[in-house]
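Let's take a friendly walk through this structure together. Have the sequence and the 3D view at hand as you read.

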Amino acid sequence: MILSRGPKLCNFVEWRGYKVVYKRYASLYFCMCIDQDDNELEVLEIIHHFVEILDRYFGSVCELDLIFNFHKAYYILDEILIAGELQESSKKTVARLIAAQDSLVEQAKEQASTISNMIAQATK
Amino acid sequence: MNPFSSGTRLRDMIRAIRACKTAAEERAVVRKECAAIRAAISENDQDYRHRNLAKLMFIHMLGYPTHFGQMECLKLIASPGFPEKRIGYLGLMLLLDERQEVLMLVTNSIKQDLSHTNQYIVGLALCALGNICSAEMARDLAPEVERLLQFRDPNIRKKAALCSIRIVKKVPDLAENFINPAAALLKEKHHGVLLTGIQLCTDLCNISTEALEYFRKKCTDGLVKVLKDVANSPYAPEYDVSGITDPFLHIKLLKLLRVLGQGDADASDSMNDILAQVATKTESNKNAGNAILYECVSTIMTIEENGGLRVLAVNILGRFLSSRDNNIRYVALNMLMKAIALDSQAVQRHRATILECVKDSDASIRKRALELVYLLVNESNVKSLTKELIDYLEISDPEFKGDLTAKICSIVEKFSPEKIWYIDQMLKVLPKAGNYVKDEVWHALIVVITNASDLHGYTVRSLYRELQTAGEQETLVRVAVWCIGEYGEMLVGNAGMLNQEDPITVTESDAVDVIETAIKRHSLDLATRAMCLMALLKLSSRFPSCSQRINDTIIHYKESLVLELQQRAIEFNSIIEKHQNIRSALVERMPALDEATYSGRRAGSVPAAVSTSQGAPLNLPNGVAKLTAAPLVDLLDLSSDEVSAPSSSGGDFLQDLLGVDLSPASSQPGGNHAQKSGTDVLLDLLSIGTPLAQSTSTADMLSSGHENKSSPHILDKLGSPSGPPSQDSPPVGSSSMMDLLDGFGPVSSVPENNGPTYPSLLAFESSSLRVTFNFSKQPGNLQTTYVEAQFVNKSPNAYSNFVFQAAVPKFLQLHLDPASSNTLPASGNGSITQKLGLKNSQHGKKSLVMRIRIGYKINDKDVLEEGQVNNFPRDL
């Protein structure tokens with residue numbers, strides 16, 4: 001439905017009693033489905049907010065980044081929206097939080113690899 | 001290397017899937033991976049669990065079923081490490097939703113995680129809870145979340161706030177607990193917490209009036225101040241979006257102020273200044289600014305009256321409307337719909353622009369604009385607006401046409417200043433978009449036409465003209481055919497010419513031509529062609545010169561493979577050929593259909609309660625009746641002069657109808673008519689005045705097994721609005737039986753003879769036939785008599801197609817079972833028996849009496865015998 005829309009048309013489509021707001025970035029469409037009484041222009045801003053954060057995180061994000069790192073994209077999304085509501089309007093804060101969590105993951109990995117090395121050595 | 005490794009890494013799997021060229025290949029890869037994952041799950045593999053879950057999520061996103069992985073999420077969430085929990089919670093949110101029972105098992109883990117020392121893990125838990133928790137989980141965990149609203153870390157506070165939103169939405173009773181903590185959040189400095197706190201308050205206000213009151217009293221001023229601060233704040237790089245500091249915060253504040261100000265004058269007053277400031281100072285060259293303005297306008301429109309602000313708001317909307325950005329125009333149209341309720345004058349000023357938007361290339365804008373135009377229509381502008389819309393109808397997209405047509409018809413109907421204008425507009429719409437016009441609409445049109453008696457001539461001539469050019473539009477054809485049938489002589493005679501009309505010569509055969517073209521056209525559907533047949537019948541009466549030609553056409557349809565057309569053709573043919581004396585009365589002009597009842601009925605949209613057993617032969621309903629019951633009722637209610645009795649709905653109606661003298665029908669057509677004309681049989685029988693019991697039974701019973709298929713389909717047709725279409729009801733039994741009166745439901749067998757016995761009766765005897773009745777009654781049920789009729793052939797020739805029919809007066813109810821056979825061997829070498837049930841409502845006061853008619857074929861010649869049985873035993 002959205003793919004068939006021309007370039008100059010407005011970014012809102014009505015669907016099954018809801019509205020779908022979409023924004024196109026190169027070959028990707030970001031869509032959000034909202035209620036009738038939500039502010040569509042605000043949603044456009046939210047989409048842009050999200051994309052900018054992704055950009056900052058991946059460094060010039062492209063489609064492949066999102067495909068191979070979908071779980072990370074989801075983590076970022078979870079820092080921006082919960083239950084559809086905006087959580088944080090500051091890009092810096094979001095970036096900081098994600099960075100902190102990533103470092104936790106790194107730490108845990110390092111620990112695990114050393115431990116498993118030790119076990120592997122021990123059980124050989 | 002772990003021997004249980006599932007082989008591929010996540011990115012390898014993704015690469016493999018993307019490399020597939022066909023869907024089958026992809027399915028194969030996915031299947032292999034799923035098998036490996038399943039094996040790993042059953043082995044309870046620890047090490048690669050999170051990788052497997054990641055793979056599962058990817059597969060889920062592609063659309064394959066992944067329910068076997070749900071327990072894995074739980075195990076991951078329960079494990080102590082952060083990465084595992086992270087991916088476990090993500091899996092939970094993606095693969096499950098609140099309807100799954102598995103979700104309940106997670107409650108305990110979440111509870112523990114909510115009190116974890118690692119604040120990121122608390123965050124994960126809150127996030128998951130906020131996204132998918134169910135009502136039970138909400139109830140369980142609400143106290144935890146409430147506590148977290150005051151946690152030291154702002155990130156947790158903001159997540160807790162959003163989580164609370166979901167909780168109070170799922171369990172509104174808990175709202176009171178959150179009021180105070182939420183109010184505390186409004187004093188925060190951290191933007192994230194402020195944002196979420198405001199959202200929480202907004203939702204609380206929507207859910208609980210207590211919360212609304214509280215916030216209104218305590219927080220309005222504080223909120224106004226916050227908005228002032230953020231609107232006036234200097235450049236803050238962290239929150240800046242295209243020159244505006246934190247537009248999201250602006251918008252959320254405006255939303256909350258809207259909720260607080262609505263319906264309360266004091267609150268509204270306190271906001272006026274800041275609203276004015278925001279409305280005037282915000283830059284509108286970027287989307288962020290426009291979003292704020294949009295929200296601001298929405299708030300102004302909703303809170304209590306302030307003239308100056310409203311003017312400001314409408315001006316902003318006007319500016320939006322003429323913007324070149326489609327998005328802006330779209331939201332402006334949206335907002336104008338709300339503005340109309342408040343200040344329709346202001347909106348009317350923009351009518352021209354809105355009308356232009358209806359023709360926009362963007363489908364969403366078109367839709368909004370059309371709805372807005374619909375709201376804008378009033379008596380003064382209806383004519384110009386309709387003209388514009390109809391002009392556009394011609395060039396609009398097919399998807400849009402349906403909507404547009406419906407709106408035009410609705411506007412025309414509601415606001416038409418005079419009938420001729422209404423008819424004119426409809427005459428313009430029908431050729432352009434007739435196929436999109438709904439049934440109620442053209443029914444209403446016909447109602448209006450019948451009521452505008454001075455316009456009949458004009459209408460029928462205009463329709464005739466339109467039909468020449470646009471004969472493919474179904475609805476147009478229907479209306480035109482109906483009108484030509486009704487007002488044919490006006491068409492030909494140029495009666496009732498109006499000043500603006502050009503004279504047109506239409507001969508009778510032209511009119512008939514038009515209808516014949518329509519009926520031959522196969523693209524038109526059954527109802528239309530049936531209506532054409534009806535119209536032809538009417539014309540055969542109105543144009544005697546064409547009667548023969550019309551009859552020929554009708555005869556052609558007697559062999560039609562379509563049952564409806566065939567039945568109609570057969571009956572109409574018999575009317576034309578054999579019943580000239582009643583034909584003109586039958587097809588007399590329809591009286592004006594009562595608009596009030598019609599529109600009332602339509603509003604209630606309840607199919608007419610009149611029983612379907614209407615004296616149809618008196619007033620063959622036209623094709624309109626096929627589609628809704630409503631006009632059918634009208635036809636009867638205002639039935640032509642044949643019925644002088646006051647109309648009443650329900651089964652009594654028929655009685656009334658029949659009780660009154662049936663002038664056209666009572667002329668006994670004589671005994672020589674062929675068995676074919678079921679109508680005649682019906683007329684006869686009805687003339688005795690039998691009450692018909694239930695409507696549904698008339699529907700299924702009347703398809704008697706006449707092989708000449710002349711079952712009185714009129715009653716069938718009447719059965720169709722309420723019962724199953726009669727075309728489908730199978731012929732009852734192999735014998736041809738008129739089970740007219742299904743008073744008791746099928747009586748399968750005669751009950752035992754343990755009532756008083758009665759002598760058998762020689763009911764009827766002629767030179768060729770003898771009929772004997774044997775009686776039995778059930779003890780205790782004195783009103784009902786079971787009769788076994790026996791027929792004996794006295795002649796040397798066998799009879800075939802043997803049909804026995806009977807009719808009884810009003811106070812009796814008759815039920816006929818199928819006969820044992822319909823061939824009567826000669827010279828008494830066998831007999832036919834048939835069981836009857838008779839119920840005497842005047843048992844004791846009046847005795848049974850019955851008229852019988854027996855038809856059979858002897859040597860390929862049809863014979864009919866009739867008689868009356870008066871000699872029933874007295875006490876029967």
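What follows covers a hairpin, a surface patch and the nonpolar cores of this predicted model.

## A hairpin in chain A

Let's begin with two strands of chain A. Strand E2 (residues 18-25) and strand E3 (residues 28-34) pair in the antiparallel sense, and 7 bridges link them. If you look across the pair, you will find A:Lys19 opposite A:Ile34 of E3(A).

The hairpin has 2 residues between its strands. Here A:Ala26 takes a positive phi, near 55 degrees.

## A nonpolar patch on the surface

Strand E2 of chain A is also where A:Tyr18 sits. Together with A:Met1 and A:Trp15, A:Tyr18 forms a nonpolar patch on the surface, and the accessible area of these residues together is about 310 Å².

## The nonpolar cores

The largest nonpolar core has 255 residues, and the members that touch the most others are B:Leu92, B:Phe215, B:Ile354 and B:Ile484. Helix H26 (residues 474-493) of chain B gives this core its largest share, with 11 residues. Another core, of 33 residues, lies apart from it and includes B:Leu769, B:Tyr799, B:Phe804 and B:Ala806.

Neighbours within four places in sequence aside, B:Leu92 is in contact with B:Cys73, B:Leu74, B:Ile77, B:Leu103, B:Val106, B:Ala128 and B:Ile132.

Note on methods: Residues are numbered from 1 along each chain as its sequence is written. Chains are lettered from A and ligands numbered from 1 in the order in which they are written. This is a predicted model: local features need pLDDT of at least 70, side-chain atom pairs count only at pLDDT 80 or more; totals for chains, interfaces and linings use all residues. Side-chain values use heavy atoms; hydrogens and water are left out. Two strands pair if DSSP finds at least two bridges between them. Helices (H or I, at least four residues) and strands (E, at least two) are DSSP runs, numbered from the N terminus. A nonpolar core is a set of buried Ala, Val, Leu, Ile, Met, Phe, Trp, Tyr and Cys residues joined through side-chain atoms within 4.5 Å. Buried means under 20% relative accessible area, exposed over 50%, partly exposed in between (1.4 Å probe, protein chains only). Contact means heavy atoms within 4.5 Å. Patches are made of residues with over 30% relative accessible area and no salt bridge: like charges are joined within 9 Å, nonpolar side chains (Val, Leu, Ile, Met, Phe, Trp, Tyr) within 5 Å. Accessible areas come from the Shrake-Rupley method with a 1.4 Å probe; for residues, only the protein chains shown count as cover. A salt bridge is a side-chain nitrogen of Lys or Arg within 4 Å of a carboxyl oxygen of Asp or Glu.
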